[in-house]
Every structure is written in C-alpha cells, then in structure tokens.
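Reader: I am new to this structure and would like a close look at one part of it. Please take me through that part step by step.

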Amino acid sequence: MSCFYCKGDIIPSTTVYTAQIGNTVIVIKNVPCEECDQCGEIEISHEVMLKIDHIIELATQLMQDVAVIDYQTAA
Ligand SMILES: [Zn+2]
C-alpha cells in the first residue's frame with residue numbers, strides 16, 4: 001500500500017484524535033492509524049472511526065470541559 005498523495009510507504013502508527021462537541025473538547029490518545037513515512041499523511045480506518053464515535057459519545061456524557069481518553073483503554 002502506498003500514500004494517496006506522494007506514493008510514499010504507509011506504515012502502522014498511532015495518532016492523537018481531537019474533537020469538539022459543544023463546549024467539550026475530547027482528546028483521544030494512541031489511536032491506531034496508518035501513516036505515510038514520507039509526507040506524514042494519516043489515515044484512520046473505518047473500524048477505528050466507529051470506535052472513536054462511541055468513545056466521543058461516552059465522553060460527552062462526562063460533561064467536562066476537556067476529556068482526555070486513551071484509545072487503548074477505552075476501545
Ligand atoms: Zn505521503
């Protein structure tokens with residue numbers, strides 16, 4: 001598999017995903033993704049995005065200003 005943008009190599013990696021829902025900022029650490037080792041473009045799979053949606057849904061119920069969640073423990 002090669003990068004859509006630069007045709008560089010895609011390698012497994014992790015990233016930080018942030019989302020803002022109303023006044024709540026949600027930060028999810030250690031999200032598995034594929035990363036281009038040439039341009040740094042990041043791709044998150046559909047399966048992982050579904051889990052992120054679920055984590056965000058849970059996080060918004062906490063009603064905190066900022067929620068920091070570790071993907072590995074929440075997924
Ligand atoms: Zn690339």
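Reader: Which residues of α1 are buried, and what covers them?

Author: The model is a predicted one. Helix α1 runs over residues 46–60 and has 15 residues. From its first C-alpha to its last it reaches 21 Å, close to the 21 Å expected at 1.5 Å a residue. Its buried residues are Val48, Ile52, Ile55, Ile56 and Ala59. These residues lie on the same side of α1, because they cover an arc of only 105 degrees around the axis. The face of α1 turned away from that buried side carries the exposed residues His46, Glu47 and Glu57. As for the cover, the elements over the buried residues of α1 include β1, β2, β4 (66–70) and α2 (71–74).

A zinc ion is coordinated at 2.3 Å by the SG atoms of Cys3, Cys6, Cys36 and Cys39. Its site is tetrahedral, with angles of 101 to 115 degrees among the four donor atoms. In sequence, the donor residues follow the spacing C-x2-C-x29-C-x2-C. Cysteine 3 belongs to the segment before β1 (10–21), while cysteine 39 sits in the loop between β2 (24–36) and β3 (42–43). The two are 36 residues apart, and the pair links distant parts of the chain. Cysteine 3 counts as buried because its relative accessibility is 2%. Cysteine 39 has 43% relative accessibility and therefore counts as partly exposed.

Note on methods. Residues are numbered from 1 along each chain as its sequence is written. This is a predicted model: local features need pLDDT of at least 70, side-chain atom pairs count only at pLDDT 80 or more; totals for chains, interfaces and linings use all residues. Side-chain values use heavy atoms; hydrogens and water are left out. Donors are N, O and S atoms within 2.8 Å of the metal (3.2 Å for Na, K and Ca); water is not among the atoms, so sites may look incomplete. Four donors count as tetrahedral if all angles lie between 85 and 135 degrees; four count as square planar and six as octahedral if opposite donors are over 155 degrees apart and all others between 65 and 115; anything else is irregular. Helices (H or I, at least four residues) and strands (E, at least two) are DSSP runs, numbered from the N terminus. Buried means under 20% relative accessible area, exposed over 50%, partly exposed in between (1.4 Å probe, protein chains only). The expected span of a helix is 1.5 Å times one less than its number of residues. The arc is that of the directions from the helix axis to the C-beta atoms. Contact means heavy atoms within 4.5 Å.
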